[in-house]
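The sequence and the model are shown first.

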Amino acid sequence: MVATNPRLMVEPAGAMSVAVKEFHPGIARAWDRWLQSRAGATPFHSTAWMRALEKSFGYESRSLYVERNGEITGVLPLFLVSNWIVGRCLMSTPFADYGGSCVQDEDSADALIERAKEIATYEKVDFLELRHRRCKPHPGFLGKDLYVGFACDLERDPEAGLKKLPRDTRYMIRKAEKAGLELRSGVDEQLSLFYELFATSWRRFGTPVFSRKWLETLADEFRDNIDLKLAYHQGKAVVGVLALPWGDTLFPHYAGAAGDAGPLAANNFIYWELMKDAARKGMRRFDFGRSKRGTGAYQFKSSWNMQVNTLR
């Protein structure tokens, strides 16, 4: 949800049973530990994502957390962003599918949003954007329905999972398997190759490309909690996906493909392999992230029989 005129939205703070505080490095461990126990938390709420943003782009953190009786009851990663693409804004969270507050109760959610609105007014931003997956309406915010989130439950039995997929998707997976694609895992030895695929894909669609530093910083910050898989055809890397495991859910966040990936059905192959691997490791959910309605990514994700959630 997006607030377009934050100066008009500040409300007097009433008596609350919670206290909103600014994020500081000393709270990082407690912040992440609290997130691990919360439904709805994502890797984009974590301090690893926050540090990566600061190191790679120099964005200034305005992140907040809320306490009740000395215990964390909610967090809000929040960054001041100023550039020619978006203007001057407060965002939760840049370059993430999801963001906004992660809380255990409505009082905590309301307190964090009110403080974010106050910061937006003080910083004189053009807008305040909170990328909630689910959130009740708040005065002064405009809900958008341009983006849709896709997710599914994982099956431990690959055959049962395959049967849940539409016929056309199963056909494409079998086509890729017959083409002899080979899957390899590993970050350090494959990150350069993946970046080339990633940059090629973004340029193909006319999208400005991140520097490799961003992916390197993510790999460094998430360390052992990051998964990079590439599919090869006759020794050549044709498609790759960088995914972030979080709790019982796998978030495949960045992908890249060579021009010949389509005829090989390589995209279908790698996402199916990611699902099987996540299920083998005991994960229960696969979050395909958000896509804009009417795009190629939206159409591709729609072919996997996913649960669809309009993001506002």
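Helix H5 is followed by Gly180, whose phi is positive, near 80°. The model is predicted, so local features require pLDDT of at least 70 and side-chain atom pairs pLDDT 80 or more, while totals for chains, interfaces and linings use all residues. Residues are numbered from 1 along each chain as its sequence is written, and side-chain values use heavy atoms, without hydrogens and water.

**Helix H5**

Helices are DSSP runs (H or I, at least four residues), numbered from the N terminus. H5 comprises twelve residues, 167-178, which at 1.5 Å a residue should span 16 Å; the end C-alpha atoms of H5 are 17 Å apart, in agreement. The expected span is 1.5 Å times one less than the number of residues.

| Side of H5 | Residues | Relative accessible area |
|---|---|---|
| Buried | Thr169, Ile173, Ala176 | under 20% |
| Exposed | Arg167, Asp168, Tyr171, Lys178 | over 50% |

The buried residues of H5 fall within an arc of 60° seen down the axis, so they line one face of the helix; the arc is that of the directions from the helix axis to the C-beta atoms. Their cover includes helix H4 (158-163) and helix H8 (266-280), where contact means heavy atoms within 4.5 Å.

**Helices H2 and H7**

The axes of H2 (residues 47-57) and H7 (residues 212-222) come within 9 Å and cross at roughly 145°. These axes are lines fitted to C-alpha atoms over the stretch in contact, with angles from 0 to 180 degrees between N-to-C directions. Among the residues that meet are Trp49 and Phe57 in H2, and Trp214 and Phe222 in H7.

Note on methods:
Helices (H or I, at least four residues) and strands (E, at least two) are DSSP runs, numbered from the N terminus. Buried means under 20% relative accessible area, exposed over 50%, partly exposed in between (1.4 Å probe, protein chains only).
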